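The sequence and model are shown first.

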Amino acid sequence: MSAAPDVVSRPITVVLVDDHAVTREGTRRILEEHGHFAVVAEVDRGDTAVAAIAAEQPDVVLLDLFLPGASGVEVARELRRRCPSTSVLVLSAFADPEYVDAMLDAGVAGYLPKTARPEQLADAVRAVASGSTVLGAGVAPSAP
């Protein structure tokens, strides 16, 4: 009897939403180097993000908080409605509790500071893709 062939799982598909090209480029490279990911689209504006994401139906969206055209909170809320199977992971330089609260209330699966190490980013993307919630170091909602 022969052994079953190795089954190669498909990569985790990701859309990057950030208005800074250097951040998108660096994030894409990190994901390419640290895991089985496929960046399927990059978007630089909040007001065009939802349509691009809906067209791709990725596993994960890496979303910045402050974007031209529409805020990350607005994008996250609309994604919960239009793409409920897509997990949203915020990647932001701002981790103030009020921002964290707003994004969690909008339905994101995680919030990671842009100061995270590359392997932490890759681990967080894998975690939210599998249904877990992730809050990076130094990120916490306001006290109840």
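Helices (H or I, at least four residues) and strands (E, at least two) are DSSP runs, numbered from the N terminus. On that basis, Phe-66 is found in the loop that runs between strand E3 (60-63) and helix H3 (72-82). The model is predicted: local features need pLDDT of at least 70, side-chain atom pairs count only at pLDDT 80 or more, and totals for chains, interfaces and linings use all residues. Residues are numbered from 1 along each chain as its sequence is written, and side-chain values use heavy atoms, with hydrogens and water left out.

The unreviewed UniProt entry carries the annotation "domain: Response regulatory" for residues 13-129. UniProt positions are given in the numbering used here, feature names are shortened, and annotations may be inferred rather than shown by experiment. Residues 13-129 are 49% helix and 22% strand, and the end C-alpha atoms of this span are 9 Å apart.

Leaving aside residues up to four places away in sequence, Phe-66 touches Asp-19, Phe-94 and Tyr-99; contact means heavy atoms within 4.5 Å. From C-alpha to C-alpha, Phe-66 and Phe-94 are 9.2 Å apart.

Rings of Phe, Tyr and Trp (its six-membered ring) pair if their centres lie within 6.5 Å; planes under 30 degrees apart count as stacked, over 60 as edge-to-face and the rest as tilted. The count by this rule is three aromatic pairs. Two of them involve Phe-66 and are tabulated here.

| Pair | Centre to centre | Angle between planes | Class |
|---|---|---|---|
| Phe-66 and Phe-94 | 5.1 Å | 90 degrees | edge-to-face |
| Phe-66 and Tyr-99 | 5.4 Å | 90 degrees | edge-to-face |

Tyr-99 lies in helix H4, so its pair with Phe-66 ties together parts that are 33 residues apart in sequence. Ring pairs join Phe-66, Phe-94 and Tyr-99 into a cluster.

How accessible is Phe-66? Its relative accessibility is 39%, so Phe-66 counts as partly exposed (buried means under 20% relative accessible area, exposed over 50%, partly exposed in between; 1.4 Å probe, protein chains only). Phe-94 is partly exposed at 40%, and Tyr-99 is partly exposed at 27%.
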